[in-house]
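Let's walk through this structure together, one piece at a time. Have a look at it first, and then we'll start with a sheet.

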Amino acid sequence: MGVTVNGEPRPLVVGGAVTPHTSLLDYLRELGLTGVKEGCAEGECGACSVMVARPAGPDSSDTSEDGSRWTAVNACLPPAAALEGQEVVTAEGLGTPVALHPVQHEMAVRGGSQCGYCTPGFVCSMAAEFYRADRRPGEAADGDAEHGANGFDLHALSGNLCRCTGYRPIRDAAYALGAPDETDPLARRLERPAPPAGATRVGDETAAFVRPATLDEALALLAERPDAVLVAGATDHGVEVNLRGLRPALAVGIDRLPELRGLDVRDEEVEIGAALTLSEVERGLAGRVPLLASLMPQFASRLIRNAATLGGNLATASPIGDSTPVLLALESRLVLVSAQGEREVALADFFTGYRQTLRRPDELIRAVRVPLPMAPVTAFHKIAKRRFDDISSVAVAVALQVDDGVVTRARVGLGGVAATPLRALATEAVLEGRPWSAETVDAAATVLGSEGTPIDDQRASAAYRAAMLGNALRRVWEEQGR
Amino acid sequence: MTTDLSRRPDGAVVGESMPHESAALHVTGHALYTDDLVAGRTDVLHAHPVTAPHAHARVTSLDPAPALDVPGVVRVLTAADVPGVNDSGVKHDEPLFPDVVMFHGQAVAWVLGETLEAARRGALAVEVAYEPLPAVLTLAEAIDAEAFQGGQPTVARGDVESGLAQATHVFSGELDLAGQEHFYLETHASLAAVDEGGQVFVQSSTQHPTETQEIVAHVLGLRSHEVTVQCLRMGGGFGGKEMQPHGFAAVAALGAVLTRRPVRVRLTRNQDITMTGKRHGFHAQWRAGFDAEGRLLALDATLTSDGGWSLDLSEPVLARALCHVDNAYWIPHVRVHGRVAHTHKTSQTAFRGFGGPQGMLVIEDVIGRCAPLMGLDPREVRRRSFYAEGHDTPYGQPVRHPERLEAAWGQLHDEADLERRLADVAAFNDAHDHRKRGLAITPVKFGISFNFTAFNQAGALVHVYKDGSVLINHGGTEMGQGLHTKMLQVAATALGLPLELVRLAPTRTDKVPNTSATAASAGADLNGGAVKDACEQIRRRLVEFDAGRGLEWHELVSAAYFARVQLWAAGFYRTEGLHWDSTAMRGHPFKYFSYGVAAAEVEVDGFTGAYTTRRVDIVHDVGDSLSPLVDLGQVEGGFVQGAGWLTLEDLRWDTSDGPHRGRLSTQAASTYKLPSFSEMPVDFRVSLLERAHEDGVVYGSKAVGEPPLMLAFCVREALRQAAASFGPEGVSVDLASPATPEAVFWALSAARDARPADPADAHVVEGAPGVEPDQPPPDAPELHPRSEQAPAGPR
């Protein structure tokens, strides 16, 4: 029992200091691995980025299905207890000052560090991309500013902030990386499966983290403990613990339950396991749901997508969760499961109020079902101050069926304009049955601009939010209609 | 002419391009920062603040007793515990434990616990009662209420009224420009202990160890020789650790003295943003006159900075703003008045540029808004107004090397292929209705030295050991800017040794005393002078001892030791030729000016106002670079940080009358956004100005820390021009600061309709005599002659 850190087994409890709420970050620092830094404690800056061995899952390489994938995650968010039995690598585990890892070498010689505080986190995020099995030189499209000639995807670093360098030398370091050496032990490690997630119990009756071994066990526990807090990627939970002092008596880890991790493309629908991470969904779908594909690069950062799950994004019921407008436009349905069995609800009916849903305390979201075939005209527009890793002030997802020049079906999902994510029903009504034309778009855009009840806050003014709603539709016409 | 200080020997180690001296430690996670020293220790107590939920309130009672019932809580620190002076600043206007809360989130007490969790729970248990008081929050409220603090200086030259009367074009307007959160990745941290010698030893993430030492001493009622402060390195400073660390260090030291255990203070990000000072936001009112060719003739302006709850560094920041409102431009008639608003916010403080950016933004905004109204390209207005040989600044300092502005301007036009690209931008804009590009070029002139002459001194301590190895200490701190790298190169050059023989030890007040803050970009100039002095003393002795024998270094050192030659030296440097009268706001405060020119090309989406920076070209003057890779990093990093300030970073306070009035609503990384990879220029090209030797400065170099930040003005001006392209020819665009996508959207929407972005905003008013800026009352206080340091006050 414990965590394998930089190849060495370490006990989970060090000097009695690890509680069920202790983050992976604090645990690693307690072990003396102070290269892992706290910059924000809410998954925004990446100074605490570490690599974790995760199941490889599908990708475009031939060999990865049964192997592992070095996956960069924020250490500040998950409880250390959630990593029991897992393998973690920090910057200290990659190289030493006298024997630098290739990533560390490129970062050092190119001026990729100034104050150095964000650097170990950058190194871990960069190393995970360095080891990505399907990273191939030249895979990037021409003129793509976000891929190097070595196939390095700059989005791998989208969750890391640097206040000193201005990023150019870090990008140069990333784009200068070659392939891992064949003898590189961390590369060799990927040939073997990732460690399974075994049953875990840390803590006592006042505070505990429990990872049930099976779905049945999890459901039985939920039936017994309505106060239990569900934790998957912990990207929301960790923020609540770190910034708002949440200390639940019982946290239940559900992110590795196999029943929640399926991905099935059937004739009539796509079923996506609620506990798949967004990165896994992105890779698994490989563009088969275009609207989800356009969402993914805009959803938080790679570090967050490597941990956050679709189920978690929906269950928190945030009005500014980015996946909800998209899944609303896709007319998705949720599969809820409890010890009594399963039920299916339309996502449009799921949100009942601000951060309130139909989910009963004894239920889990098991899967999301997206019906097929999908509408041919789709777009996802996220309005935010920053393109990488920001929270929407407004998000608009549009899915239109156009037959013989007439809009036959319109679904528009909105985020950021009300206490819950919502469908723009009035706009949909204006669009349906009308010719797909500039006039229709103008009429619908005016209606869309008055949907919801946007507010003024630090992210945007209400007037801007309203303006962005209408303009989203005008832009769809401009880009896909003409 | 080349002085001894600037002459560079053959084979010099300075000038070699090399990585940061700690790069290998940074990338492997082995570089230690203050709070890393706590890991794995069980003897350390952790401190957590008790923070006030009001912007302004009297503390009517404070009961720590309930906290002491929380398991693991060891002690609660309150005002009653302070043996010395209850003040965390140098002006005695910053109580460490206040009885009147002056901003939302201010700490009124600190709880010490065996764990941070215990301290946090203890802080929640402390019972505090408040009597809320009215709070002044915005600059507009402060100006209406005439809530000002400190001196109200004026820089003046010529006769503004006659200048405006002679002008062909007169415009007046106003500008609100935003502050900026430092967001150094390492938050404030201190670790204090009483050591085995009985002295108070404080490890602190501080840019100003000497002042941290002085504040800790006065809080504890000790003398400076009883307190030592060490700074290993900082995870970023940017000015935010010049004045702000002192109080946190004092809390840690007070706790250590009272409990006889090491005490750690480390702020979370939210605490750091909530509790510590930021770049000052400013309000400016201005009238400007231009001649028929568009040259600046007269500027009349009043700048009001948002100082927050205490003076801190607000007066010198304001002074630098007034001394930089000219930027690179000769303005014959100038009157610029300044004042510091007193608001119930964090105490705004130093931030890279130190008021210079705010002053310079005013004139760049004036030009950007007025040029279209004169039917001129702003690029032409800028170039025609450049300083030339023989010109003085408004405060009376001759402008040395103004030809470097023209040289950099020309070099940039060539390297950036500017004329062709301007034509491309125009063609793109003609061909696209919903996307527009802008390409703007702006200059920078920035004065180097502390305005306050006394601060322009530095010390160093250099040891040569018997085995020939060299250890250097100097008074500057390392915050990522590469100062230590440069100092190693200076020492190796001055001693004529390979770099491997020289090592640098962390900054400590018991090695080099009475140091100035590592600030004002002057760290390398000052400490480099001191290190060089110490090394040359040693070298002179050794050369004399060698007497032409040509002994190899190790042999020479060993022989010299046995001949009783002193192998170590203390070095000292002071910048010559400086004088400054802060009452008259005249003098020669700067050793020299740094110059730079930058061009940015942006593309704006008309549907949303979102934009990308397609390409940035920079030509910057660093003299003869001491360390080119370090300097390049400073130029690029400063530019992106400046672009963040101007376009993205958006501090918002709750200014409503609701229950959270005064609360900073962007107090987290999730709400306060700094540039990420998505904001960096897609194509980013930096060159150093050619033929740029700077006489009279260490090895011919120039300072580099702050000036590049202001190169980012070109991004803002490019956005303005792109927004204007959505409208008719000659439209003047008001662009809010920061120019967030939303601000750009409103600007381009207004340009389309050829009207002001927000009718409530004061748009540019055309015509003489214009709207006169507020003038100081006859009894307006002057700047104290030593306003950068302690005034005469109770000690």
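Two strands count as paired if DSSP finds at least two bridges between them; helices (H or I, at least four residues) and strands (E, at least two) are DSSP runs, numbered from the N terminus. This is a predicted model, where local features need pLDDT of at least 70, side-chain atom pairs count only at pLDDT 80 or more, and totals for chains, interfaces and linings use all residues. Residues are numbered from 1 along each chain as its sequence is written, while chains are lettered from A and ligands numbered from 1 in the order in which they are written.

Now find the open sheet in chain A: its 5 strands run in the order S2-S1-S5-S3-S4, with mixed pairing. Strand S2 (8-10) and strand S4 (68-74) of chain A are at the edges with a single partner strand each, so one side of each has no neighbour in the sheet. Zoom in on strand S1 (residues 3-5) of chain A, which runs antiparallel to S2(A) and is joined to it by 3 bridges. There, Thr4(A) sits opposite Pro9(A) in S2(A).

How far can you trust chain B? Its pLDDT (the predictor's confidence in each residue, from 0 to 100) averages 96, and 98% of the residues score at least 70. Over residues 791-795 of chain B, though, the pLDDT is below 50. As for the complex, the predictor gives an ipTM of 0.97 and a pTM of 0.97.

Definitions and conventions
Contact = placed C-beta atoms within 7 Å.
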